[in-house]
Amino acid sequence: MTVSELAEQLNLRVFSGNEGLNHEITNGYTSDLLSDVMGHAEAGNAWITLQTHRNVMAISSLKDLSAVILVKGFEPEADMLAQSNEEGIPVLGTNDETFVISGKLYNLLNKQ
Amino acid sequence: MMHFEFQVEGGNFTKAGAASSQLKKILKQLNVDPKIVKRIVVALYEAEVNIVAHAYKGDIIIDIDTQKIGIKLIDEGPGIPDIEQAMQLGYSTASPSVREMGFGAGMGLPNIKNNSDELRITSEVNKGTIVELITYLNQ
């Protein structure tokens with residue numbers, strides 16, 4: 001499933017990084033601890049988090065993640081937005097809580 | 001034999017990961033096995049962030065030959081009084097503002113250890129820390 005298909009199916013906002021909307025999503029990773037993501041997320045994952053600063057994009061790029069999903073209506077800070085566009089890694093948003101959006105993503109990816 | 005050097009500014013999180021990003025590009029160009037690149041990127045990023053989070057400034061020195069990639073991070077900073085304690089998963093001395101960003105969970109040094117073939121840390125309190133990482137290319 002691509003990032004844009006995911007955004008459509010889960011009704012996510014697309015804040016930035018449109019260049020990467022055709023990225024394939026392999027799986028999801030949910031965490032707000034950056035070193036946890038650094039150590040354990042896999043390439044192609046969609047990263048679900050409440051962190052809204054640019055270091056999220058640095059890690060997403062280093063780990064070749066497909067997209068970032070911000071929870072609970074959080075919006076990316078300006079520098080995160082800029083780096084998302086620069087790296088071509090989409091930042092998406094939802095009003096759902098972390099548990100709920102993680103469950104939705106899990107179900108969606110395991111339905112295929 | 002290739003040699004690269006990068007400077008790291010203490011406290012400046014906007015640039016954290018810049019050296020790791022550069023090295024990732026270089027290793028890709030050199031056609032290094034992607035599995036090895038992934039490990040090195042994790043180890044270097046964590047070591048780089050440690051300088052940003054804890055030290056005043058630091059240098060990263062990278063030497064690549066046909067056998068291995070050696071990375072040396074030398075910082076000026078508070079140093080580590082008890083390295084064994086610092087290596088423990090979950091132990092951190094990071095400030096509240098650093099933790100708020102999602103750093104400082106005490107996972108950095110364990111990540112470095114798990115993602116390098118050899119790790120040596122030497123430190124002098126109130127002077128600085130030297131972290132040396134070696135990754136072998138033909139394993």
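This is a predicted model: local features need pLDDT of at least 70, side-chain atom pairs count only at pLDDT 80 or more; totals for chains, interfaces and linings use all residues.
**View 1. Packing of helices α3 and α4 in chain A.** Helix α3 of chain A covers residues 55-62, and helix α4 of chain A covers residues 78-87. Their axes lie 8 Å apart and meet at an angle of about 20 degrees. Angles under 35 degrees count as roughly parallel, so α3(A) is described as roughly parallel to α4(A). From α3(A), the residues that make the contact are Val56(A), Met57(A), Ala58(A) and Ser61(A). From α4(A), they are Met80(A), Gln83(A), Ser84(A) and Glu87(A). Sorted by class, this contact has 4 nonpolar, 3 polar and 1 charged residues.

**View 2. The interface of chain B and chain A.** Chain B contributes 20 residues to the contact, and chain A contributes 18 residues. About 1500 Å² of area is buried between the two chains, and carbon and sulfur atoms give 57% of that area. Between chain B and chain A there are 10 residue pairs in polar contact, counting pairs with both residues at pLDDT 80 or more. On the side of chain B that touches chain A, at least two residues come from each of α1 (18-29), α2 (34-54) and α5 (108-114) of chain B. The largest share, 5 residues, is supplied by α2(B). By class, this side of chain B has 9 nonpolar, 6 polar and 5 charged residues.

**View 3. The salt bridge between the chains.** The rule finds 1 salt bridge across the interface of chain B and chain A. Asp64(A) and Lys24(B) form a salt bridge, with 2.8 Å between the closest N and O atoms.

**View 4. Met107(B) and its contacts.** Met107(B) sits in the loop between α4 (96-100) and α5 of chain B. Leaving aside neighbours within four places in sequence, Met107(B) is in contact with Leu89(B) in chain B, and with Leu33(A), Ser35(A) and Asp36(A) in chain A. Another residue of chain B, His54(B), is 53 residues away from Met107(B) in sequence. In space, the C-alpha atoms of Met107(B) and His54(B) are 15 Å apart.

**View 5. Glu42(A) and its contacts.** Glu42(A) is found in the loop between α2 (34-40) and β3 (45-49) of chain A. Not counting residues up to four places away in sequence, Glu42(A) touches Lys63(A) and Leu65(A). Glu42(A) and Glu86(A) are separated by 44 residues in sequence, and their C-alpha atoms are 21 Å apart in space.

Technical notes. Residues are numbered from 1 along each chain as its sequence is written. Chains are lettered from A and ligands numbered from 1 in the order in which they are written. Side-chain values use heavy atoms; hydrogens and water are left out. Axes are lines fitted to C-alpha atoms, for helices over the stretch in contact, and angles run from 0 to 180 degrees between N-to-C directions. Helices (H or I, at least four residues) and strands (E, at least two) are DSSP runs, numbered from the N terminus. Angles under 35 degrees count as roughly parallel, over 145 as roughly antiparallel, 65 to 115 as roughly perpendicular and the rest as oblique. Contact means heavy atoms within 4.5 Å. Ala, Val, Leu, Ile, Met, Phe, Trp, Tyr, Cys and Pro count as nonpolar, Asp, Glu, Lys and Arg as charged, and the others, Gly among them, as polar. Buried area is the accessible area (1.4 Å probe) that two parts lose on being put together, summed over both. A salt bridge is a side-chain nitrogen of Lys or Arg within 4 Å of a carboxyl oxygen of Asp or Glu. A polar contact is a pair of N or O atoms within 3.5 Å; within protein, one must be able to donate a hydrogen and the other to accept it, and residues adjacent in sequence count only if both atoms are side-chain atoms.
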